[in-house]
Amino acid sequence: MCKALSNLEGSCRLFEENRSVVRLKVPTSLMMSWLISCLKEYKKLEKQPHIHASSVWMNTDFVDFSSEPFDCAILLSNGNFEEGMSGIKLFDEWLVPICSPNILEKDGSIDLDKHDVIHPSPNRRDWKRWQAVTGYTKEISGLPG
């Protein structure tokens with residue numbers, strides 16, 4: 001997985017300028033779950049460039065390099081970037097809802113309307129993505145239609 005960070009290095013425009021610091025925008029969850037350990041490994045292998053990673057809550061996965069203080073970013077994306085931007089796929093992401101076994105029905109299913117559902121983002125995008133992939137058609141409490 002740390003190979004992905006090395007791949008990211010090639011896509012950052014600062015490397016073309018031979019500067020020694022890369023300012024990286026990273027979603028908070030990815031920073032905690034993956035990038036910190038990857039940066040430790042990277043630092044053992046590479047002396048330059050120094051990577052200054054900023055853990056940022058991103059309601060939308062977007063970066064505006066002209067107004068934000070970053071040289072590159074890790075975003076959740078389908079790869080359709082605007083003109084002048086390019087990217088590399090680091091890895092797939094799987095979102096899986098979890099619950100206590102005590103609230104499952106006898107057949108292993110769950111009626112989400114009977115339970116509080118935690119939404120990690122205000123627009124509940126993760127639940128909407130999960131519904132689209134799984135085909136779960138029942139309305140989830142609190143999700144706009």
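I began with Trp34, which counts as buried because its relative accessibility is 10% (buried is under 20% relative accessible area, exposed over 50%, partly exposed in between, with a 1.4 Å probe and protein chains only). This is a predicted model, so I kept in mind that local features need pLDDT of at least 70 and side-chain atom pairs count only at pLDDT 80 or more, while totals for chains, interfaces and linings use all residues. Residues are numbered from 1 along each chain as its sequence is written, and side-chain values use heavy atoms, with hydrogens and water left out.

Next I looked up ring pairs, and the structure holds 3 aromatic pairs (Phe, Tyr and six-membered Trp rings with centres within 6.5 Å; planes under 30 degrees apart are stacked, over 60 edge-to-face, the rest tilted). Trp34 and Phe91 are edge-to-face, because their ring centres are 5.1 Å apart and their planes stand at 75°. I noted that this pair links distant parts of the chain, 57 residues apart: Trp34 is in helix 2, Phe91 in the loop between strand 3 and helix 3 (helices, H or I, of at least four residues and strands, E, of at least two are DSSP runs, numbered from the N terminus). Phe91 has 28% relative accessibility, so I logged Phe91 as partly exposed.

Then I checked Trp127 and Trp130, whose centres are 5.4 Å apart with planes at 85°, so this pair is edge-to-face. Both lie in helix 3, 3 residues apart, about one turn of the helix, and both are buried.

Last, I found Trp94 in the loop between strand 3 and helix 3; Trp94 is exposed, with a relative accessible area of 70%.
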